[in-house]
Every structure is written in C-alpha cells, then in structure tokens.
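Have the viewer open as you read, and turn the model as each part comes up.

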Amino acid sequence: MPSLIELQNYTWRYLHTDEPALKEVNLTIEEGSFVGIIGPNGAGKTTLAYSINGLIPGQYRGIKKGTVHVAGREVEAYASGSLQRTVGMVFSDPEAQFTAMTVEDELVFGMENLGMTIAEIRERLEWVTELTGLRSLLEKPPYEISGGQKQRVALAAVLAMTPDVMILDEPTSMLDPLSRQQVFDVLGRLKQEQENTVIVIEHNLEHLVPLSDRMILLYEGQVLLEAETRAFFREMDLLLDKYILPPGVMHFFFELLHTGVYAGTLPLTIEEAAEKLAQLFKERAAALQEQRHE
Amino acid sequence: MRKTLLGYVPDESPIYSIHPFVNLLFMLVVSLFPMFIAPPEWNFSLILLLMLLMWFSRVNMRTLRIYIPVAVSMGSIILISYTLFGGTHPEYELLWQFGGIRIYWERIRDALVVYFRILPMIFTMVFFLSTSRERDVIVAMRSVRVPFVVTYVFAMALRAAGMVMEDFQIVRQAEQARGFDSKGKSLPYKIRKYVMYMIPLFALSLRRTEDFTNALVARGYAFTGKASRVKRADYILTHYHFGTMDAALTIIIAAAFITVLYARYGLGLFDLESSSFLTWLRELIVS
C-alpha cells in the first residue's frame, strides 16, 4: 500500500518549553491502515496527531524541524482550512468540540464548510447517521445526550466530511465501558466497510488491539516501537517496562509463555484467546492420555 | 417541557408549525407597540393577549413565576425614582409632601405609564423565548439574511453561557471539596472571595476557547483564505417552509403595526389624556 503520511526527522518544541514534545520522529503510515498509537501521558501523542492534522503549526507556536507530509504534500503547503478536508480529527473531550445547537447541525456543519450542496449533505447525513446509529438523536442538542452518544456525534461529524485520514485522540477516555464499546463498534464497522486511514490514540488497549493493523509506542517524544500489531506485542518486556498494560487475555498468555506452558503467538482478541486455550487444553489432555497409555 | 439555553419551551406546540421568522417578526414588532401607546390599560390588555398566546402555545404558565421578582423590583425602582427622587416641579400637581420629598400626581402617572410600557416588551420577549428552540432563533435570523458569522457567534454565545455555568458548578464543587464554601456567608465575604471562583473559571474558559478553536479548524472552518469564502448550503433552512399561513400572519402583524401607528398619529388615539384608567386613578388619589 502507498504511504499516505510520512514524518521525517520531525521535531516539534512548543514555545516557552525546554524540551521538544516530539524528537526526531520518523514514521510512515500507509493508506487504508488502522493504526493504534499508545504511550504514557506527555509522550507526545496529541502533538503527533495535531502535527498530522495541521493544527500544529497552524494553531500553535513553536519550533519545527524535519517534515510532515500528508498525501505527498508538506502540511504547511496546504491552504488554510484545506488540510482538514483530508485529515479529520476527533478530540478526547466530546463536550468541547461541539460547534452547533443540534446533533443534525453538528453533523452538517463540517459538510457546509466544505461547500457541499444540499443534496450531497442529505445523502451523507443519511449514510453517517445509519453508520453511527444517531438517527433518533438528530433533533437533540448535543450537550443533552450521553457521553457515548456525544463521542459518536463527534465521530460522525468528522466522518460525514469523508476525510481520507481520521485521527481519534483518546476518543473514549471520558466514557463508560458501554459507551466505549459503542464507539469502537462504529470504528469496527468503519474498518470493514470503508477505506479510510484511521489513527487512534488510546490508553485502553482492550478495544484498540483487535482493530489495529499496526501499533506505535511513543515515549518521551520518540517512537520507541512501531510494528504490525502481533509483532508489536512480541516486545512485551519492553511494553511492560514502559508501563504499557496489554489487554488482559494477552497478558495472561504472556504469563503462560513465561512459565513454558504455552509456546504460540499471543492472541489479540478474547475469541482468539478462547480458541488457543481450548487448543491448549486439548493438547494437554492428549499428552496426559498418552502418558497414561505408556 | 424542554430546557433550552434560552429557557423552557413546550415539547409540542402549535406555534412550531409557524416559520421562526414570523415568531421573530412578532417579537420585534409587537415589542414596539407600547412605544406608541401611553394608556396603561391598553398595554395591560397587550400583556393579557400575550398570556393568552402563551397559553395557546402550551407554554407552562408556572414558569412565568420566575419573572415576578423582576417585574416587582423593576416596578419598585421606577416608582421610587419617579416619585421619591423625582425632583421639584412647581408646575405639577402636588399630592403629598414629607419634609423635602414632594410627591406629584404627574410623576406617579409617568411611572405607571413607563412601567406598563416596559412590561409588555418583556412579556413579548418571554413569549419569544418560551416558544423558540435554539435552532428556531438561528433559522429566524438566517432567514432575514443575517450573515452566517453573526448567527453563529450568537449561537455560540448562548452555548458558551451554558458552558460557563457548568464550569462554575465544577469549580464550586471542587472548592467545596477542598473546604472552601461561601454558602451562608455574608455578601461582603462572598464578593471578597469571589476571586476564588473567577480565576479557575477564567483559566477553564481559556482552555475551552483553545479546544473550540481546534474543533472549528478540524471541521474545516477557515477564518481566512479561499476556504473561508465557500458558499454555505444552509442545510437547516430546508427543514422550514414559509407557507401561506406564515405569509398571512406576517401581513397581520404588519397591518397591526400600521394600524397602531395610524391610530396614534392619524387619529390621535392612545395618548395620556385618553386613558380612562389614569382618570379614575387620579380621582381616587385626589379624593
């Protein structure tokens, strides 16, 4: 797949700070991939997202070194307001990102900014409300709905603009488990049905890992690890050393690996783990039976 | 009832079938009526008409109680400033004198006239806010070609007011949790310590502003350049249709306004001398 986003020796330091938020970052994100970015607070995840979306250097002052290319063009080469048509962004605080008085207006706002016609808006609105399950909420003010619904509205508002790249900056950090599941359900459908490049920054890996094609670990402004998801979690010792807690099932199998009970790859989902565990039990049972026969 | 940023509106109301422009026009035009009508009884009749319209629009009349303190305090301030602090007017009819304070009939009359002019204006605004959802207000403004930026700033100002109130509650609760609570304390203490709320609230507002700007940019809104000159589809206007009923109501409102103007300046009606209420009141006080 061709690369859509390319960062080369990229360093960004906010004005009036001593240390760069991102240091010498080299990164390539392929078109149509689903990328998970993880790392502790202050690692530079949001700065990275803003750098790809053009909010940096557009809205923030600082010192930049290196390059950030999106769709083959340096982010600064995009005219004001045009990069955001290629890279959509969903922020962590759903409340703070609403720009309209009803859910419908919120979904429509971005499309109007793109200069779409009423017929186009109507068509996309139909599609996006079906995808995100928001049809019944269109008339409601966005500040009156639940946290999960709010974040789905924010997601839908960006989706409606059909950007090539979607960045979600800790989209579930303020949500309860059910709402978190609902947001990731939408992302799951998006991955299955659309060809967008999706970048999700998350602390909670339970939902992120099964969807991600690639994972990136940011630590103190640097890319410490970047790999295909399964290969990424082979570096479990490094991840645990950096206090990155893998999903429960993965951690469990990692412990089994350590004790020598299990020797395969780490499962990414509960379903996969259940299969592997069943297989393990079967093998164990067969081995025990063999021992008895002998 | 549904809570909006402007107040409470009914869930269902016959007025929702009317185009928001008509509602806005009603508010703007009818609130001007008292300017041309001096007799308090006519303005009082307008208040009754507005209350009837509210009842017809299924506005919860109990919510009007929140305006009673405003009406009473406003009336008291007007009456006191016109009578006790009304000055010396030898040309006026003196009713009572308490030391240096002289109470004249004309000043009482003027206070009543002013009060009953302001009251229907407030009622018209209350009627508008009690029957208009936030979106209706925006649609009304856009349908009279108010620029998008102006309507947007208005909408966001409404929203910001709600957010500041929420933030204030958060700050207050956080400070209560840390042992600071001005509840039950004297007013001077509250004023002195108000800075304890204002500083975090100000800091929060700055952060909100940054978040909001980022959200606007992320939604493709451009403040400058080619993208800022994009022709907007104004999709929400497609939900509203200006029908025959709306046209008829617009004509009725305009006709009513012209009638009031004609009655006032053409026929000389609605002046102070024609007020039977004021004549009755004067006789009552003087006798």
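Predicted model: local features only at pLDDT ≥ 70, side-chain atom pairs only at ≥ 80, totals over all residues.

Residues are numbered from 1 along each chain as its sequence is written, while chains are lettered from A and ligands numbered from 1 in the order in which they are written.

**Chain B**

Let us begin with chain B, which has 11 helices and four strands. Helices (H or I, at least four residues) and strands (E, at least two) are DSSP runs, numbered from the N terminus. The radius of gyration of chain B, taken over C-alpha atoms, is 25 Å. Along the principal axes, its C-alpha atoms fill a box of roughly 70 × 60 × 35 Å.

In chain B, 25% of the 287 residues count as buried. Buried here means that 20 or more other C-beta atoms lie within 10 Å of the residue's own; 12 or fewer make it exposed, anything in between partly exposed, and C-beta atoms are placed from the backbone. Contacts are pairs of residues whose C-beta atoms, placed from the backbone, lie within 7 Å. Among contacts in chain B between residues at least 6 apart in sequence, 77% join residues at least 24 apart.

**Domains and the chain contact**

Chain A is assigned domain 1 (3-97 + 164-246) and domain 2 (247-294), with bounds from an automatic or database domain assignment. Their centres, taken over C-alpha atoms, are 33 Å apart. Where they meet, nine residues of domain 1 of chain A contact eight residues of domain 2 of chain A. On the domain 1 side, α7(A) gives the most, with four residues.

How many residues does each chain bring to the contact between chains? Chain A gives 35 residues and chain B gives 30 residues. The largest share of the chain A side, six residues, comes from α3(A).

The table gives the make-up of two of these sides by class. Ala, Val, Leu, Ile, Met, Phe, Trp, Tyr, Cys and Pro count as nonpolar, Asp, Glu, Lys and Arg as charged, and the others, Gly among them, as polar.

| Side | Nonpolar | Polar | Charged |
|---|---|---|---|
| Domain 1 of chain A, touching domain 2 of chain A | six residues | one residue | two residues |

**The core**

A nonpolar core is a set of buried Ala, Val, Leu, Ile, Met, Phe, Trp, Tyr and Cys residues joined through C-beta atoms within 7 Å. The largest one has 122 residues, and A:Ala156 is among those with the most contacts inside it. Helix α5 (residues 105-131) of chain B gives the largest share of this core, nine residues.

**Backbone details**

Most residues other than glycine have a negative phi, and most peptide bonds are trans. A:Glu24, in strand β2 (residues 22-30) of chain A, has a positive phi of about 45 degrees. B:Arg58, in the loop between α3 (40-56) and α4 (68-83) of chain B, has a positive phi of about 65 degrees. Finally, a cis peptide bond joins A:Ile56 and A:Pro57, with omega about 10 degrees, and A:Pro57 is in helix α2 of chain A.

How values were computed. Contact = placed C-beta atoms within 7 Å. Rg over C-alpha atoms; globule rule 2.2 N^0.38 Å.
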